[in-house]
2 protein chains.
Amino acid sequence: MSNYCGTSRIAGCQFSLHPMSDRFVDIILSTLEEVDTSKVWKNTDDVSTCIRGKMVHVFDVTKAIFLHAAKTGEHVAMNGTFSIGCPGDSDADVYMDETDTPLNEEKVKSISQVAGCKFSLYPLGREDYMDKIYEQIDLSKHRNVKVTSTHYATRLDGDVHNLFQALYESFKLIQDQVSHVTMTFSLSANSPTNQA
Amino acid sequence: MSNYCGTSRIAGCQFSLHPMSDRFVDIILSTLEEVDTSKVWKNTDDVSTCIRGKMVHVFDVTKAIFLHAAKTGEHVAMNGTFSIGCPGDSDADVYMDETDTPLNEEKVKSISQVAGCKFSLYPLGREDYMDKIYEQIDLSKHRNVKVTSTHYATRLDGDVHNLFQALYESFKLIQDQVSHVTMTFSLSANSPTNQA
């Protein structure tokens with residue numbers, strides 16, 4: 001029952017949410033109340049939260065948490081790493097039995113929020129890792145996302161829904177070709193730097 | 001002049017600092033005022049800061065920024081990725097002419113601060129990347145740091161000076177063996193979760 005290779009593999013995301021506000025505890029708690037995480041395995045400590053399950057739900061939950069926190073209007077940042085194919089990674093397999101319908105999309109689709117995002121792909125165990133990055137990732141089709149090169153990362157700017165669509169597709173395409181892949185991301189919304 | 005391979009290679013760190021406080025702008029600005037970044041190349045935007053130079057200075061500046069922000073007593077998080085050997089990475093080479101003396105150690109060494117940290121090493125372009133991680137990293141000698149396994153990362157707990165020493169040595173050892181390495185980290189200090 002636990003072998004999903006070839007169909008859908010278990011993915012995960014380790015992330016931390018940072019509302020730059022005295023109300024950070026309330027914002028984090030109310031955000032978590034609004035997001036349905038029942039289709040992913042979840043573990044939280046003082047440093048970060050780890051969720052695991054089908055790729056579609058891992059991205060659905062991550063996006064929903066960022067959107068619900070950002071809609072407070074506070075300056076909110078989210079940092080994390082998506083991962084798939086990590087050797088020995090077999091916990092939470094029961095969550096692979098969930099259906100593919102994302103639980104949070106209906107509730108968050110009306111939230112309009114721009115953000116900046118930097119992300120980096122790390123295909124592991126491959127000498128041709130740079131080729132794999134360049135071959136698989138065509139961000140030019142994401143017309144609603146502004147793409148910029150920066151040191152160590154690619155910067156995306158646009159609506160959060162479009163940013164996550166680009167992240168999801170980049171990650172999905174490359175993990176079809178490479179067994180173990182991680183993708184780091186840093187998201188920032190409502191920064192006073194942009195309002196100045 | 002720009003070829004430092006074999007002696008010291010240019011390293012970098014892309015990070016973001018998140019004080020969970022209404023005073024986040026003041027904390028970030030006063031922190032940056034207290035930290036001497038003159039031995040590293042630096043670029044900041046609304047998502048993150050990127051510094052580049054000799055490994056010793058990249059770690060010195062990163063640690064000093066976290067310590068000066070955390071000593072305010074506010075809940076502060078810092079997330080980032082250290083990187084070395086990224087192909088095409090040749091900007092800021094002039095900073096490799098700096099001497100090896102860290103500029104911030106004297107000022108921060110008296111700051112005592114505990115924190116939690118999760119980090120992950122990604123040696124790139126190697127089929128034996130898991131072996132390289134296990135071979136090179138012996139965290140057991142860092143007796144003042146508590147080491148725990150978590151999903152996708154290793155957790156370190158202890159004084160920030162000891163945490164950074166463990167991070168620095170892990171990164172330094174593995175980059176002696178592998179050309180292109182990245183290391184992600186998440187640091188958290190003064191979390192109310194720990195004070196409850």
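**Figure 1. Burial and overall build of chain A.** Of the 196 residues of chain A in this predicted model, 57% count as buried; buried means under 20% relative accessible area, exposed over 50%, and partly exposed in between, with a 1.4 Å probe and protein chains only. The model is predicted, so local features need pLDDT of at least 70 and side-chain atom pairs count only at pLDDT 80 or more, while totals for chains, interfaces and linings use all residues. Residues are numbered from 1 along each chain as its sequence is written, chains are lettered from A and ligands numbered from 1 in the order in which they are written, and side-chain values use heavy atoms, with hydrogens and water left out.

Chain A holds six helices and eight strands. These are DSSP runs, numbered from the N terminus: helices are H or I with at least four residues, strands are E with at least two. Read from the N terminus, the order is β-α-β-β-α-β-α-β-α-β-β-α-β-α. The radius of gyration of chain A is 16 Å, close to the 16 Å of the globule rule for 196 residues, so chain A is as compact as a globular protein of that length. The radius is taken over C-alpha atoms, and the rule is 2.2 Å times the number of residues to the power 0.38. The C-alpha trace spans about 45 × 35 × 30 Å along its principal axes.

Figure 2. Among contacts in chain A with a separation of 6 or more, 82% come from residues 24 or more positions apart. Contact means heavy atoms within 4.5 Å. Chain A exposes about 8300 Å², and carbon and sulfur atoms supply 47% of that area. Accessible areas come from the Shrake-Rupley method with a 1.4 Å probe; for residues, only the protein chains shown count as cover. Chain A carries 18 positive and 26 negative charges, whose mean positions are 5 Å apart. Lys and Arg count as positive, Asp and Glu as negative; His and the chain ends are not counted. Each charge is placed at NZ of Lys, CZ of Arg, CG of Asp or CD of Glu.

**Figure 3. Strand β3 of chain B and its two partners.** Strand β3(B) covers residues 49-54; six of the six are buried, so the strand is largely enclosed by the rest of the structure. Two strands pair if DSSP finds at least two bridges between them. Strand β1(B), residues 10-19, runs antiparallel to β3(B) and is joined to it by six bridges. Here B:Ala11 has B:Gly53 as its bridge partner. Strand β2(B), residues 41-44, is also antiparallel to β3(B), with four bridges. B:Asn43 is partnered with B:Cys50, and B:Thr44 with B:Thr49. β2(B) and β3(B) make a hairpin with four residues between them.

**Figure 4. A:Gly53 in strand β3 of chain A.** A:Gly53 sits in β3(A), residues 49-53. Its relative accessibility is 0%, so A:Gly53 counts as buried. A:Ala11 is 42 residues away in sequence, yet the two C-alpha atoms are 5.5 Å apart. Beyond neighbours within four places in sequence, A:Gly53 contacts A:Arg9, A:Ile10, A:Ala11, A:Val58, A:Tyr95 and A:Met96.

Figure 5. Six bridges link β5(A) to the antiparallel β7(A), residues 153-159. A:Val114 is partnered with A:Asp159 there. With β8(A), β5(A) forms nine bridges, again antiparallel. In that pairing A:Ser120 stands opposite A:Thr184.

**Figure 6. A:Ser83, a residue that touches chain B.** A:Ser83 belongs to strand β4(A), residues 76-84. At 2% relative accessibility, A:Ser83 is buried. Leaving out residues up to four places away in sequence, A:Ser83 touches B:Tyr152 as well as A:Ala11, A:Gly12, A:Phe171, A:His180, A:Val181 and A:Thr182.

Figure 7. A:Asp176 lies in helix α5(A), residues 160-177. At 51% relative accessibility, A:Asp176 counts as exposed. Its C-alpha is 10.0 Å from that of A:Ser8, 168 residues away along the chain. A:Asn190 occupies the loop between β8 (180-189) and α6 (192-195) of chain A. Phi of A:Asn190 is near 60°, a positive value in a residue other than glycine. In chain B, B:Asn190 is in the loop between β8 (180-189) and α6 (192-195), with phi also near 60°.
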